[in-house]
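This report is meant for a reader who meets the structure for the first time. Please keep the sequence and the model at hand while reading.

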Amino acid sequence: MSKLIMACVVSIITGAMLSAQNGPVRGTVLAESDGTPIVDAFVVIEGTDMGTETDREGRFSFSTLPSGAKSLKVTCVGMQAKSQPIAPSMTIYLKDEFENLDEVMVVAYGIAKKSSYAGSASIVRSDEISKLPVTSFEGALNGKVAGLQVTSTSGQAGSVSSMRIRGTGSMNASNEPLYVIDGVPVNSGNAGFSGDYIYTSNDLLSTLNPEDIESVSVLKDAAASSLYGSRAANGVIIITTKSGREGKPVVSFNASVGFTPSWATGNYETAGVQENVNMLYMIFHNYRTAGKGESDEKANAYALAQLNKKFNKHGYSFSTEGTGAYDNVIISDYDNSGRAGKYYDWDDAYYRTAVYKDLNLSVSGASPTTSYYASLGYMDSQGRLRVNDFTRASAKVNLNQKIGRFFELGTNVRMAKTDKSGYNDTRNTSANSFFQTRNLLWGLYWPTDYSTGEAWTTRYGSYAQNNKYYDNEWDNSSKTLNAAISETATIHLLEGLDLKSIFSYDNSTVKESLYYSALHYNGASTNGSITEMRTIYEKTVSSTTASYTKAFGSHNLAFLAGFEAEKNNTDYTRSEGENLPTSKLHTVSTAGLFSAAGYSWGNSMVSLLSKLDYNYAERYFASVSFRRDGSSKLSTDKRWGDFWSVAGAWRLTEENFLKETPWLSNLRLRASYGVNGTLPSDNYGYMYLMSYTNHYLGNAGGTISSLANDDLSWETNYSTNVGVDFGFFKGRLNGTVEFYNRDSKDLIQDVPVSQVTGLSSMLKNIGRINNHGFEIQLDGEIMRRNGLLWTASGNISFLKSKVKSLYNGAEIIWYDPTGGDTRAQYLYREGESTYAFYGYEWAGVDKTNGKSVYYVNDPDDSKAGDFIYKGRGATYDYDSANYKIIGNAVPFATGGFNTNLSFKGIDLALGFTYKIGGDLYDGAEKDVADDGYYWERIRSKSYYENMWTPTNTDGSQPALSGLDLTDAMEYSSRHLYNASYLRLKNLTLGYTIPGRISSKACVSRARVYFTASNLLTFSSYKEADPEVNEYGTRGWETPIGKTYVFGVELQF
Amino acid sequence: MTVSVVCLSCSSCDSFLDLEPTNSADAESAIVTTDDAQVAINGVMELMSSSSYYGRNFIMYGEAKGGDMTIYSSGRGLDGLYMFNHTPDNNAFSGFWSVGYNCLLQVNNLIENIDKMNSETAEEFAYYKGEALTLRALIYFDLVRLYGLPYNYSKNSYGVPDVTGTIPIDSQLGRASVADNYNRIVDDLTKGESLMSSDKSENDGYVSYYANLAIQARVALFMEDYDKALTTSETIIDSKVFKLYEPSEWCASWAQQYGSESIFEIGMDSETDLGTGSLGYYMIRYHQKTSAQGWFLASDYFLNRLGEDPGDVRWGVMDNDEYWLNTGTVRKGACYKYIGGPEMKGDGKENPTAVDIKVIRLSEIYLIAAEASLHASHPDADKAATYLNAIRRRSPNLAAATASTISDDMILSERGKEFYGEGLRFFDMIRMNKTIEFNDDLTDVPVTYRGKTIDRTFGKIVLPIPQSEINANSVIAVQQNSAYSK
């Protein structure tokens, strides 16, 4: 709606020139972009409170003017305000809000003009965030900012996303940026502990209604972020919420409804029932022929017996015409079940067309002394898999009051309640519906017993459960109540000298419950169970800063100094009841047996901060910052750390030699260097502790849980940034090219140690990682003609991330932590990628026998092995091969591009995201393309079509075998794919009803729109969705869907 | 605002920054009183009751590999044990290693703290130190049997690393020999015995003086030190502190805690209860309870042996199994020892699956005495028969053993019947150099990692040292068990 092309006045006043001082004035307010009239613009005579509004034609008039009136000021929502000297007949053109603006950005502890800012920061405005069907704003940033990678592990509504700014700089501590809302650091990440039970996540930031966001600043380099010191190494994301603007009150109402009828891509589509029956038959047949040397006849009899044993109970029986391994298995009725030829559709049973609803109402406005913004929001988002719902009710009030000339008081209050229920989102046989439909649920299984018609309650042979039945026997919810209040007092002591104090309190209370009835398999042994958990996250921040700005001729100075104290505390209690009297009451108190836990943990920090900015004639810029942090997470000797930055910029276009260059509207060079840090994740990692969390026979037990580590210290991040900003053709093409280098040192490594010590790892500040790369951001106006405006922007980030040093140079094998299923194996090795996949090198399938071939990779002899394959030593037995680095999850480049088109009220926007290069490790393929195991599981269509058989010797997948191979389970390059993709992330088509029509209904602005998300995906990886998590892996988490949203926006 | 003003004005930053956890405390000063020592012992006991150790896997290890159990279908869980499908990084059952050494850290820390005290104080702690030494011996005894070859087969081969104190966290120790491990075990037990001798009372849920002796008897048997095994077991028997169950009481004993035969029992309660993953669920019939997966059932061989006497009281904890469920043919291969007997009421606690693990019972001491009597430096077959018959009474229709009929095999058979499901079988078979036959043919489950029979020449009778240890410890990296080294 930057394209809310509205209009202003054209004054068609002919008539004689009247006295500007007291005669009548008439005028028209028009949109500069396309000349359309702007309705309901607010026109004030400056220096007075006299004002009027434009009519449907954008016209206004004053019949008399007070003496001394010199100029008019026009304000309108979505447009830049403008003052113009009074003339009897006026035409005032307003610019679109974000157009050609020397953008004012919210940065660390203040604001800055983009043209004078020497650090590296990007800004994303509200209109790019609020209209997308995302439950939290993170998803909307995808592809918008060079150097920012947003990934969501799961497509579940309300789950946590992950943000990486300029790579990964830590092994053990957090890699997530610091989030700051309205000047105050806030809690983020996963809330609560349900994930320990059912592997879901609950995003704390989704308590923030994206509709309330005015802008998001992404601080990337040290100059931008070092003022946040020890928490800034991963960058800072500053969110600013909306506030009122001078003018008449604006009431906005937005409503949208969306549908997700399908996944964004195919996801391990299964082979048909017949094909899967044939495959299981092959396995059993092969077990007897290859494994025991038996005849085809005997093997056939055995295989059919096994099939019958497994599926007779579901009403099917099996036979073959011949006895060969590749015979087609004839599936018929068993016991006259009537099921032959009919298969149950589990996709249909477990998936749904998810519905998304979002309603927002806000009121905002301002007088010269008071500004306000108040909003209410309600969102309801369903997951496409049943048992995943997310709702949010939110309210926000921002109030700013000037008291006299010296005081200003600001109050920000944010309240939100979210409620999430979710499914087990990892490789879990019984409680992940997606995994079940793709790998475990045969069409031969039915939710009812064919003979009795009763619900099928035992586990199926594949270990899947009938969730049609069990979903009624359990319940889960995570309810989060977030209340954040911050008070800001500003005292304008002298001209240019301000004292500002912010006190904020942020409380998120997460109430979780998990219930299993006595009929549920998880409640069977305990006769029903209920677990209730409360986690209260409290963050109290107090900061006081003094700022002073002064110009001495062409010398401009700005100085800031302050102190800050922060305290974080988390309180956790859990009560659990077992042996429940009735399935109607899900209450701990009713239980026969209780258990409980409760404790709290936290950390605190004290900081001093200062910053000095200087510029000469807006041409030469320099700035320095310094912060000293003390943290409770480190021992007394190590807890204080100093963080600083220096930066400079040179605006070449202010120099005389470039001022006259017509095609160059802006050219600026800038550079920065600085140090910031990361704290250990563990609050008490330096302590030698006896932990009292074990109990034995009702008595307290204590165990040594960690050894003393007084040396534990900060991770430090040395960051360099060099950038060029440029603008061509009167600002029609703007861009930025930046080079950065992040050296992260003293990294905390969880160094694996010999378990003979009794522990398995120790924390050491030892590792070093380097991230460096290029970022390019371009924004351009392609066409502006006859009311048509077509703009495009794009960004690309190139990143190299390497491990530079490790403890004693010792390599560390580690696993993807997502999903808890160790789906991918990595190696930290000096000189190699930070995300280096480690496993066997799979050479493909031997055409002569269908066996998997592995290169032996003997470090001393490349020919060593059982045989030579393609000139290298190879083997069929992975056990005789050696692991090596087989891939790299860090892509060559990532980014996005967007284009917007507006014409006569119609707007069309396309947003693409892409990734070029890098590898993707498919951790779910081991299940759907398992080449030998008797597990009663189904396999994918892709495996079926590509497996080697005597008639398909070119098959890329190994032959099925009955010899209990665990090849598929091994970490090998067989599961490695090119991770490149291009995705049409969002497509929006909108229409703004002309003001002259809408205003008849007292609506100053009305727009209807349609947005489609994840509409198109192009990739070489075809098995499932190529948009994967930050570790470059795919597992069994819920995929994302294609969402279609219809919405309306009204302003009164 | 207030916070920072206060903080900076009174320079109390350090106190603002001194935060401590609420569920842990400084370990340096954690063991001061005898109550603290008890808390530390509780900690170890809880660790030992985890599913990776006595809570389930250690017991299942001894059963799944011993031939008296079989599986009905593959892929259900822990069948890697049955199939001998182990590699250092797949099905390595690394929990034995990590939990074992974590337990050792706890006992070593306790012993060290007691040793630091002055002699007067240390005296008050004597019993606790005795307990700690006894537990250390037991843990080493378990570890050396999991990772090292039998003492009476290859005692100079690799056992497990010998750690007797808290060691620097970056230490890399190699493996001691099996013989060294046994020397440590014997030494610890002997010291523990004398430290606990002042109080010979039972100590429900913990090791006691007699538990120490019972472990000594068991260890002596594995070392073929029959004289010691005999004298030690007779000391226990003669003390009359424990009493054999009458045949009529035997079955009901599984529904109670701390029965008269229990010498050492590890307590399980609702906190440590494994629920549907408990030992009880691993042995009861498929889907007798929702989520009972029919993991393990008795082999034909066991059923045939127990079937020598249809009136054997020990049938009382067995019931029809999955084979019966699917075919209708009676087959009592499902075991209800760990769920309070066929009524599945548990052993008196709220959760039927929270059933104590009976680590050593008096029956075993009798059978150790019987076996030791046969092989002692002065063999006494009469005595052996007497001890055996005290247990053999549980099969009333079988002829009592006599000095002329008694044999090692007869005692082994009795051990098998008596301790079915208690985790002793595999270790007995290997110790006595028997061939173990697996009942794979019950349902024709495919098995490719071993033959139908194995004996102690088979390399996988020991587990691989887990890959995580190999990766972190260069000394041990070259000491992998040969069946698993590349």
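The sections below go through the basis of the model, the interface between the chains, the sheets and the helix pairs.

## Basis of the description

This is a predicted model, in which local features need pLDDT of at least 70 and side-chain atom pairs count only at pLDDT 80 or more, while totals for chains, interfaces and linings use all residues. Residues are numbered from 1 along each chain as its sequence is written, chains are lettered from A and ligands numbered from 1 in the order in which they are written, and side-chain values use heavy atoms, with hydrogens and water left out.

Helices (H or I, at least four residues) and strands (E, at least two) are DSSP runs, numbered from the N terminus.

## Where chain A meets chain B

Contact, taken as heavy atoms within 4.5 Å, involves 83 residues of chain A and 92 residues of chain B. The two chains bury about 7,400 Å² between them, and 57% of this lies on carbon and sulfur atoms; buried area is the accessible area (1.4 Å probe) that two parts lose on being put together, summed over both. On the side of chain A, Tyr696(A), Gln755(A) and Val756(A) lose the most area to chain B, together 11% of what that side buries.

Between chain A and chain B the count is two salt bridges, a salt bridge being a side-chain nitrogen of Lys or Arg within 4 Å of a carboxyl oxygen of Asp or Glu. Asp18(B) and Arg639(A) meet through their side chains in a salt bridge, at 2.9 Å from N to O.

## Sheets and strand pairs of chain A

Strands of a sheet pair through backbone hydrogen bonds, either parallel or antiparallel; here two strands pair if DSSP finds at least two bridges between them. In chain A, five strands form an open sheet with mixed pairing, in the order β10-β15-β16-β13-β14, and its edge strands, β10 (121-125) and β14 (184-185), each pair on one side only. Within chain A, strand β15 (residues 213-219) and strand β16 (residues 236-241) pair in the antiparallel sense over six bridges, with Ser217(A) standing opposite Ile238(A) in β16(A).

Another open sheet of chain A has three strands in the order β49-β48-β52, again with mixed pairing. Its edges are β49 (976-978) and β52 (1033-1034) of chain A, each with a single partner strand, so one side of each is left without a neighbour in the sheet. Strand β48 (residues 919-922) of chain A pairs with β52(A) in the parallel sense over two bridges, and Tyr921(A) has Thr1033(A) as its bridge partner in β52(A).

Elsewhere in chain A, strand β50 (residues 981-993) and strand β51 (residues 1005-1019) pair in the antiparallel sense over twelve bridges, and Thr992(A) stands opposite Arg1007(A) in β51(A). Strand β51(A) is also joined by nine bridges to strand β53 (residues 1041-1051) of chain A, in an antiparallel run, where Ala1012(A) stands opposite Tyr1044(A) in β53(A).

## Helix pairs of chain B

In chain B, helix α3 (residues 34-48) and helix α6 (residues 95-115) pack at an angle of about 170 degrees, with their axes 9 Å apart. Axes are lines fitted to C-alpha atoms, for helices over the stretch in contact, and angles run from 0 to 180 degrees between N-to-C directions. The angle makes α3(B) roughly antiparallel to α6(B), a term for angles over 145 degrees. Residues of α3(B), among them Ala37(B), Ile41(B) and Val44(B), meet residues of α6(B) including Val99(B), Cys103(B) and Leu110(B).

Helix α17 (residues 362-375) and helix α19 (residues 408-418) of chain B also pack at about 170 degrees, with their axes 10 Å apart, and are therefore roughly antiparallel to each other.

Conventions
Parallel < 35°, antiparallel > 145°, perpendicular 65-115°, else oblique.
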